[in-house]
Every structure is written in C-alpha cells, then in structure tokens.
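Reader: I would like to learn how to read the contacts between and within the domains of a protein model. Could you take me through them step by step?

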Amino acid sequence: MLNQTYTADVLVVGGGTGGTAAAIQAARRGAKTILVSEFSWLGGMLTSAGVSAPDGNELEAFQTGLWGAFLQELQQRQAGGLDNSWVSFFSYDPRVGAEIFADWVQELPNLLWISGYVPLEVFQEGNCITGVRFADFTVNAKVTLDATELGDLLALADISHRWGWELQSEFGEISAPANFNSLTTKYPVQAPTWVVVMQDYGETVAPEIPPAPNYDPSLFAGAWDDYGAENFLNYGRLPGNRFMINWPINGNDYGKGVGRLIQSEAARQEFQTECLCHSQNFAHFIQNQLSRRYGLANQVFPISPSPHLPIDIGAYALHPYYRESRRLVGLTTIREQDILPVAGGSVAALNIDAIAIGNYANDHHYPGVKFDLQPKSIRWGGRWTGTPFTIPYRCLIPVETDGLLVCEKNISVSHIANGATRLQPVVMGIGQAAGMAAAICAELNCQPRDLPVRVLQTALLLDQIAPAAVIPLFNLSPTDTNWLHWQRYYLDHPEAYPCSGYCPVDFDYQYFHDSIKTGQEQHFNWFQGIFHRLDQQDYRFSIMIPASYKDLIWQLVTLRSHINEQLQTLSHGQKINIWGRLNHAGHWLLVENTHC
C-alpha cells in the first residue's frame, strides 16, 4: 500500500454515520467507491462512538432508507429486541451495529474499505477537489465526500466553513444570542461526550474503577437526583445488563477548552485525553455512589481505541461522541426557522430540494448551563416527539468548490439548528443522499452543483434496496402502496404540502396482518385491559390479562399513525385488546395493534 495511488468514482473520507451510509449507497448505485476510515468500526455515532441508543426518526413513517434498513437488521440480530432503554426506542449492543455495517460493506465488490487512516492533504485543480493524500497512499476521485467527525477536509482544503455561534443579526434566529457572551466564549460548540459502557455484575463484586487524575466528585454531585438511580441507569440500558453512560446532567459531557479540537493535532489529543478521563471519573463516581455491583463492561469495543489514550479495557468508545464540527458555508444554510413548526401546524416548512428528513427536538449540550431554545416538540402517539423537517441538497454543496460534498455534522447549518440536524438518523439520511448524488455525478460526469435535485430525489425514492423518504408524512411508510405517489405529488406541488403532515389517504390498511406476513408477530405480545385517558395525547393502560401483569398500569405509546388515530378516539375506561411490546425501562407499552 505504501505510496500507492488509487482511482475511484467516489472517495468517502470518514467512516462515521454519514460516511458509512454514503459509501454503501454510492457503491450500491454502481460507483467504484473507496471508503477510508480512522477506526476499525464503521458507523460512528451509532457504533464506534458508543451511542447505541439513537434519537430521532423513531416514528414508523420516518424509518426509511438506510436508517429503516438498519433498524430492521437490528431487530433481526439483537437478541431480546430493542426495547431496553427509555431515551430511545432502539437500544442495542454496539458490536451488533458494527457487524451490520461491516457486512453491508463486504457485500459490495466495488467498495474498497481502508481503515486506520486520516486525511493529510487535499489535492485541487483550480477550484475542484481531485483527491486526498493519506500516510501511505493517495486516492484520486471524481467526487470526494467529507464525512470526518470534525469536518477536517474543509480545513485541509481551506473551504469556507463556520465554527461556533452566529448572532441573531446573521440569520434572524430567535434563539441565537444578540451579542457574544460568556456562554459563546466558553462553549463555541456543543460539548462532546466520551461514552463508557458499564455492567451490572449482580451478586458478583465488580472490579474497582480507579479515578483518573484530577478527580473531583463535586462535578457529578446530584447527577441523578431528579430521576433516581434506577431511572438514571435505565436511560441508556443496553442488552446484557449493560448501560450506555452518556448523561448530560452533571455527567460525562465535557466541553472545557473544546476549541482545542480544531487548533492542532496535539491540542486535539489533549482535549480527547481529558474527555476520556472525565468519563472515567464519572464511572468511578457512579460505582462509589451505587455500589460495587456496577463496574466497567469488558470487551464491548475493540481494545486500544488510540495509542495516546491511557485506558485499554474495551468499556470506552473508540472516540468521543461529537455533537458539532466545522460547518460548511454552502449554497444554502439551514436555520432555526427551517426546523420549527409552521404557524398552526405540526411540520416545518418544506424545502423544495429536500433529500433527507428529521424530526428530533432541538437539543443543545453545555455542561452546567441551561440554554433555552424555541420549542419544536409536539405530542404524538401518546408521547413527545419532534416537529418533522427536511434537509435541502444545497446545504451539502460548497459555495465555490467543486468535486466535494459533505455528509456529516459538517453540513451548512447554523449553530442553533445543528442541535436538531446532528442526530444519528438524520446524518444517516444525509449520508445516503450524498452517496447517491456522488454516484450519479460520476455517471453523468457532472459536478454536484449541476446535478438536478429532482434526479437525486427520484433516485432516493426508487432505490431498490432502501428507498428513502424526502417528504415527511406522518401517515405513510415506504411499505404503503400510496407512499411513492404522495412523495412525488408534494415534490411537484410543494404549495399543497399540508401543515398537519398528513396526506389525504383512506386508512383501510391491514398493518397487523402485514406484520404477520413479514414475521414480525414474534415480537408482539397480547394484553387485555382498561384504557385510561389523562389527556388528548396522554394514555395509560391497566392490564387485566396476562395475570402476571394484573393491575399494573403502563403508559401507552405508539409509533404507527393509524394506532395514533385509534388511541385518540378511545373512551376513558374502555376495555381493549392490545398487541405490542413492554418496555420496562420506560414503563411503557408500545402498541402495534388494537382491538376494542
């Protein structure tokens, strides 16, 4: 490999959530693709960063594209299912996620994956990116994708990008500060977290977790006081009595001197070491406070995440969970206004060049600081979810540079709106779209800025393996016969897009029977009991049968549109039959089907 030069249609630099999706999609489209990753696991936030309890795009209608395919694979492979935590509807062993991505890559003979390398230099001819140099080799490509965790290609190629806050005067965002202040100075970007996985050892005494240097228990005091120890642990509960520790309240978010991440390699390593030690100290604090029943999990992650880091036991993720990076200055910029609900509606305004969807709340992390933003959460399915919004294609394209697309947290987005666009399913959708765009550009021998967005949208909708929605609709999933029609209709008639997010479809579908046909009935259980309405979107259920749950009361939630509508029509005190799954961590019953 030393001094070797590769040639490809598409080069993806970075094997995180967006990069993995981009490389897989580009190769599936037929492009000769090379994926170069820093780490031995693919998937980034979803795997190597340890956030295996992802947020957002949880509603059935938003489980599309590679994100939906990933969830289906997880459901098949993860013993015991995905109903383990209360922060997410899908928590799993990160090793299972990494295995899925590795298998998908290995299935593609036109996709070469090279791990263990970071970019060192970007080659350009005029204003066009033509390739990237790594330590032992160079790759020349028609289209290069920056999928690095911190937007490293943007810096190497001196492409216009942002880092930090914008003021209200720049984009007119209500939640942005009017002036720079102590918060914007202390935390130019959101705090990363180095995830650690802990284990319940039961009756066995767990090995002691030593404190790292500069241990200060006062930093963690009261971390779970408002939740209780059990709920705190169940927040990120994983299969096998393990716990994902990614806790924002006096927990292991770390933002001290976060600007060092882009100053130099030495400064970045210094920050990473401190971030890791902070998580080690939090784990030590948890064990001291909750007993030696709880210790570090063994061999969850590959050993030796990085040679300059001091911990080598397999409980710590391979790298920090970065919530923000350098952000491209693109042809358009997603602002706070673009992710908030339209007046009187439950969806954000539709971007006509939409290529991915998201629905997570706008969530920002600054340790020790409560930062209020404009609300975008809505009640749906008996619980809170987020206003659906769209990602426009033009936010992946630099203003002046050709031959490059971005497909991670480095899209053209404001600091404020990044709190919603940074989530794993959104980034996965962005990656799929970027990979598809790059492959089509290679086919047509055109630059990304010259690719008609409708060609890209159609390709995503018609993908034979993982068709992806570009229009958020609460009441249609890709398995529905009307799905493609309404996706295309609103692309042709964006002015008709309903502010409710519901298209005019007659619901006579047999969801439960469709599930049985696909073998999903094995995951359902049957319950009989009494329905209780606390509010229009707040339900409880007293179980009568089976007897083992008699008189226990559970919150009722659903991810399915037709069940959401049924729950709104039920009467308080009504006896009903439910097919669904219990989540003991969240104490909810996830309803798949009902019968009155």
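Author: What follows goes from the domains, through their interface, to individual salt bridges.

Author: Please keep in mind that this is a predicted model. The protein chain is divided into domain 1 (4-163 + 323-496), domain 2 (196-296) and domain 3 (523-595), and the centres of domain 1 and domain 2, taken over C-alpha atoms, are separated by 29 Å.

Reader: How many residues of domain 1 and domain 2 are in contact, and what area do the two domains bury between them?

Author: The size of an interface is often given as the accessible area lost when the parts come together. Here domain 1 and domain 2 bury about 1700 Å² between them, with 63% of it on carbon and sulfur atoms, and the contact involves 22 residues of domain 1 and 21 residues of domain 2.

Reader: Which polar contacts and salt bridges are found between domain 1 and domain 2?

Author: Seven residue pairs are in polar contact across the interface of domain 1 and domain 2, counting pairs with both residues at pLDDT 80 or more, and the count of salt bridges between these two domains is three. On the side of domain 1 that touches domain 2 there are ten nonpolar, seven polar and five charged residues. The side chains of R268 and D152 meet in a salt bridge, at 2.9 Å from N to O.

Reader: How many salt bridges does the rule count, and which parts does the pair of E121 and R133 tie together?

Author: The count comes to 30 salt bridges, among them the one between E121 and R133, whose closest N and O atoms are 2.9 Å apart. E121 lies in strand β4 (residues 121-125) and R133 in strand β5 (residues 128-133), so the pair ties together parts that are twelve residues apart in sequence. E121 is partly exposed at 33% relative accessible area, and R133 is also partly exposed, at 30%.

Reader: Is D353 buried or exposed, and which residue forms a salt bridge with D353?

Author: Since buried means under 20% relative accessible area, D353 counts as buried at 8%. D353 forms a salt bridge with R394, the closest N and O atoms being 3.3 Å apart. D353 lies in the loop between β12 (327-328) and β13 (354-358) and R394 in the loop between β16 (389-392) and β17 (404-406), so the pair ties together parts 41 residues apart in sequence. R394 is partly exposed, with a relative accessible area of 40%.

Reader: Which residues are linked in a network of salt bridges?

Author: Such a network links E60, D83, R560, R581 and E592.

Terms used. Residues numbered from 1 in each chain as written. Predicted model: local features only at pLDDT ≥ 70, side-chain atom pairs only at ≥ 80, totals over all residues. Heavy atoms only, no water. Domains from an automatic or database assignment. Contact = heavy atoms within 4.5 Å. Buried area = accessible area lost by both parts, 1.4 Å probe. Salt bridge = Lys/Arg side-chain N within 4 Å of Asp/Glu carboxyl O. Polar contact = N/O pair within 3.5 Å; in protein donor to acceptor, adjacent residues only side chain to side chain. Nonpolar A, V, L, I, M, F, W, Y, C, P; charged D, E, K, R; others polar. Helix = DSSP H or I, 4+ residues; strand = E, 2+ residues; numbered from the N terminus. Buried < 20%, exposed > 50% of the residue type's maximum accessible area, 1.4 Å probe, protein only.
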